[in-house]
Amino acid sequence: MFHLTKMKMKKNNYLAILLIPLFCCCTILSASAQELSGRIVEKDASGKEASLPMAGVKWLGSSISTSADENGKFQIPFPEVMPAKLLVAMIGYTSDTILFNDKSKTNIKIVLKNSTTTLNTVNITEKTLSSRNLITAKMNTELISQKELTLAACCNISESFERNASVDVNFTDAVSGAKQIQMLGLDGIYTQILYENLPFIRGLSSSYGLTYIPGTWVENILVTKGTGSVVNGFESITGQIQIELLEPEEAEQLYINGFVNNNQRYELNAHLAKRFKTNLSSLLFVHASKNGLENYGNMDRNNDGFLDMPLTSQYNLLNRWNFRVKNRHEGQFGVRALMEDKIGGHDHNALSDTSTVKHYGIFINTKQVETFTKNGWIYPDTPWRSFAIMTTERYQEQKSFFGIKKYQGTQKSLYVNTIYQSIINNTFHKIKFGGSFMLDDFSESFNEGLSAGSDSLFTLQEIVPGVYSEYTFNNDTNISIVAGVRADYFENYGLMVNPRLHLKYNPSKDAAIRLSGGRGMRTPHIFAENSQVFASSRQIVIHEELKQEVAWNYGMTFTYCFKPFGKEATFNLDAYRTDFENQVVVDLEDVNKVQFYNLRGLSYSNSIQTDITFSPSKKWDFKLAYKYYDVKSTYFSMYIPGTRVLLDKPLVPKDRALLNIDYTSNKEKWIISNTIKWFGKSRLPNTSLNTPEFQLPEHSTPYFTYMAQVSKKFKWFELYIGGENIFNYIIPNAIVDPGDPFGPNFDATMIWGPVNGRVIYGGFRYKII
Amino acid sequence: MKTISKTIAVLCFAFFSSSAWATSDTTVVIKTSAECGSCKKRIENALNFEKGVNAAVLDVASKNATVTFDTKKTTVEKLREAISNVGYDADNVPANEKKYNKLPACCKKGGMPK
């Protein structure tokens, strides 16, 4: 104590030197001045100060620390060396550092800001909303985080949207086990699905592609509703789904996930990250799964003679490398390979019988190999300028039998995209431009097996060079504009120009209004995109040469964050319309045929969605969503030949609702998630030409599904168990006339709800961080 | 209104903190040698599974771990030791050497480019 006093005397106060010999109490006084005392407060919504208890207080660069009491008060001795910085930190608050030049100030009040009210919350708050609509995003983008993905079985991407209100997931038929997504009531083919900014599901992978990325490989999924950015190409119409894989620098060094369910699905996912030097790292993902064991009896819980899920084995591998050259050049490259066999239908013996009509068998064999590269350069002197080039080369092959129908296809693709980014005058105005090149080489053959005719062959080579430019204005406060246009040259259709525009306005810091509009287009590949119709007795009829599909999409969104009872809540309302200029109509209205023709007349989708999320405490999260679809297209009339009629798109429920209730215990050791979904009725295709016992009603019946999961986290691993379709709702007659799969009534594609009963699953995640 | 919001704030605090009404909770700030996002995960995981810890957050930019814990169940020394045991310095406690050597290159001191 005396020593400290002496120090102070020397340093500052000359007057004190004079006073010390006079009064010994001075010693006491100046000793107490060696201590800093203070009070830590926060400001509530009304701006009133309230004490903040238990914050940590520390002199930076020393080990002197303390914490505040219940009233936010603290005392801390000054460090020996001045000036010094005092750090005040509290979980859930933005920490503050205060510079003290000397020891003259001995009493201080510190105001900490609740970090949930600032935008920069991700690093400091303990709880980040697992799936949230980003109020600052320029587009209506929803983030599905890795945490959200672990709340459901999420074996693969097709299942990762089960708890999401914007993206719908449906089985396409009752025999192949394939799932497809829908956005805005329209098929997944109108949504651009990318991984790491590269095209992912296109062409041959349309029907089964979503099962080709396991959920455990994924860091985030970004779902953008409405027209997407022109930078990624011309194909996004109803939305864009961007899958971001784990990064080698951030991923666990070792991660193993095992999964099993009562439908005899066994799955193993692992990844291994290696950081070689500070500028080179690699991540290896592997996946192996098996559905059903040949020698263990076959799963046919609805007793229709058909396997509920095909016997599937999938092997999947991805290796990615990231490197960095000084602070100028960053790059990635990688390779992905996949092999999948699906055997379904009557039983696995059916595989050996693809030419007769004794057994109905399904066999789908897929192979994919792909390499990708990404390189980016920034200019250290002008950090707002950058240049990037990305390429992907892919080969895929599919061989399939559905009974006596045979389909085979191969697709070779090359994709190159370049992005140059800079600013105009200042960082409020950003500009991106670049060129892209797409090559797709399709070769397909199809044989209906009815007559002894030879295979019908289809080949298509499409080379599409394109250029684009996108301007972004962002005033850093409340307005952003993204205006883009791209021009692509198609050999068959000529030069196509697609403009797109996104506006965002924040009337307050808690609200966002967004408007978007734009045009997209895609080349149809009807066999690959509709392979579920092979699982029916329908004859494929292509009426004319099919043109490119072109559509406009417009949307508006309102997002509002508010605090009822001081708790976080968000309200969202969005409305979208998609208008087709041309569409390849898939007409199922005649039970004997599936007809493909170009749209003549109207085809549109109107969608309204509203949702509200509420977190009454850090432990509870609620989400309630409702969605209305009005999706219509112009079909051939079944009643007056030669005329066309505007009808609801079949098998799409008009109304849906979703409720998520999630509980997270302290430090996320226990997580319980619940999802209840309700589906309204949908129109079923006309079946009046079938014999009466195989006719379907005009509409489906409404139904509920319920899924839940409990996970428990331990220091080195996590365990989870859960159930899907816990109410065990199964649609009646998932297969029309299963007794005669080669007869005229057979149809496994009239699917408007669950085809499998209750599924109970369990798994573990082991990680070395 | 003011009293109401104050009451709510107090209630919230009670509701949020795992040991409601406990007065033996305290918060400390521990300086670590963390470098990156995986260091953050590693340290937070180690702290969260220490007995008595109610919450732990590491800020990578400042390398400070802010830990709220129950003084009846654990001590700052034990928390520093927990951080050291996953390979990082904690205030004046140096990292466990064996564990430090096993860290990936980017997680070692100076491993991330500035």
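1. The contact between the two chains draws on 37 residues of chain A and 42 residues of chain B, where contact means heavy atoms within 4.5 Å. This is a predicted model, in which local features need pLDDT of at least 70 and side-chain atom pairs count only at pLDDT 80 or more, while totals for chains, interfaces and linings use all residues. Residues are numbered from 1 along each chain as its sequence is written, chains are lettered from A and ligands numbered from 1 in the order in which they are written, and side-chain values use heavy atoms, with hydrogens and water left out.

2. About 3700 Å² is buried between chain A and chain B, 61% of it on carbon and sulfur atoms; buried area is the accessible area (1.4 Å probe) that two parts lose on being put together, summed over both. On the side of chain A, the residues that lose the most area to chain B are Met54(A), Ile91(A) and Ile769(A), which together make up 17% of what that side buries.

3. Between chain A and chain B there is one salt bridge, a term that stands for a side-chain nitrogen of Lys or Arg within 4 Å of a carboxyl oxygen of Asp or Glu. Lys58(A) forms a salt bridge with Asp91(B), and the closest N and O atoms are 2.4 Å apart.

4. Strand 3 (56–59), strand 4 (65–67), strand 6 (84–89) and strand 20 (265–277) of chain A each supply at least two residues of the side that touches chain B, and strand 20 gives the most, with three residues. Strands here are DSSP runs (E, at least two residues) and helices likewise (H or I, at least four), numbered from the N terminus.

5. As for the chain as a whole, the secondary structure of chain A comes to five helices and 44 strands. Of its 769 residues, 56% count as buried, that is, under 20% relative accessible area with a 1.4 Å probe and protein chains only. Among the contacts in chain A with a separation of 6 or more, 64% are between residues 24 or more positions apart.

6. Chain A is divided into domain 1 (14–23 + 132–768) and domain 2 (35–114), with bounds that come from an automatic or database domain assignment. The C-alpha centres of these two domains of chain A lie 49 Å apart.

7. Leaving aside neighbours within four places in sequence, Ser480(A) is in contact with Lys138(A), Phe473(A), Asn474(A), His502(A), Leu503(A) and Lys504(A).

Conventions:
Buried means under 20% relative accessible area, exposed over 50%, partly exposed in between (1.4 Å probe, protein chains only).
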